Amino acid sequence: MTPTPRRLTLSLTAVTLLLATTLHGTTAAHAEDDPNDPPGTEPSASAPVEVDPNDPDLKLPDGATLAQAKVLDIKSVVEEQSGDERREDTNTSVTLALQAEVLFGKDSSKLGAEAKARITGIADEIRTQNAARVRVFGFTDNLGSSAHGDVLSKKRANAVHDVLSQVLNDADITYEVRGYGEQYPIADNSTEAGRKKNRRVEVSFPRSEP
């Protein structure tokens, strides 16, 4: 996707966890294929180094044990200044989110005039990453009934999927299409600015190997 010059970097978080001390067990990672998993909860990579728990230079509190080491993804989130488009990059995946207003009319799942160009830009990025698995997830704000939001978000995700699959025209790509309704907001639903961000369709896919 062609970068927009007026972009605002919302956050850049780099966390590498090689060593942890705990008295309890670590939390298990979510399984990628579990249909109940929220977006973006894929397990992180294994730790690149081993730490000797018996090393005399390793200082642990009395009674503490060394937790299993792991590496958390580096995550970069960039949003257009207008807020219409949001990009999230990690070590393993790319997620591109378009606000519903860019794609659809109010309370509609019919794609507008600008929608195909935006979705084609996402398709170009999928080709660049040579992705074979693509997730298309729809989300709404918390206005109206939860059931209505679930249906609308799924219809919107299906509409984006239909254009993506036509543009990419690649039988080797597997799609996962879901509507999450008001679940997993990325902003505060108590304000219209926040609700606008939550009304979105996200397209995510693995990054290509470097």
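Just after helix 2, Asn130 takes a positive phi of about 55°. Welcome to this predicted model, in which local features need pLDDT of at least 70, side-chain atom pairs count only at pLDDT 80 or more, and totals for chains, interfaces and linings use all residues. Residues are numbered from 1 along each chain as its sequence is written, and side-chain values use heavy atoms, with hydrogens and water left out.

Helix 2 covers residues 115–129; at 1.5 Å a residue its 15 residues should span 21 Å, which agrees with the 22 Å between its end C-alpha atoms.

On a 1 Å grid over the protein atoms alone, a cavity is a set of points where a 1.4 Å probe fits but cannot get out, while a pocket is an open set with protein on both sides within 12 Å along at least five of seven lines; lining residues have an atom within 4 Å of a point. A volume is the space filled by probe spheres set on the points, joined across faces, edges and corners.

| Space | Volume |
|---|---|
| Second largest pocket | about 310 Å³ |
| Largest cavity | about 50 Å³ |

Closest to the centre of the second largest pocket are Lys106, Asp107, Asp141, Arg156 and Arg199. Helix 3 supplies the largest share of this pocket's lining, four residues. In the largest cavity, strand 6 gives the most to the lining, with three residues.

Terms used. Helix = DSSP H or I, 4+ residues; strand = E, 2+ residues; numbered from the N terminus. Expected span 1.5 Å × (residues − 1).
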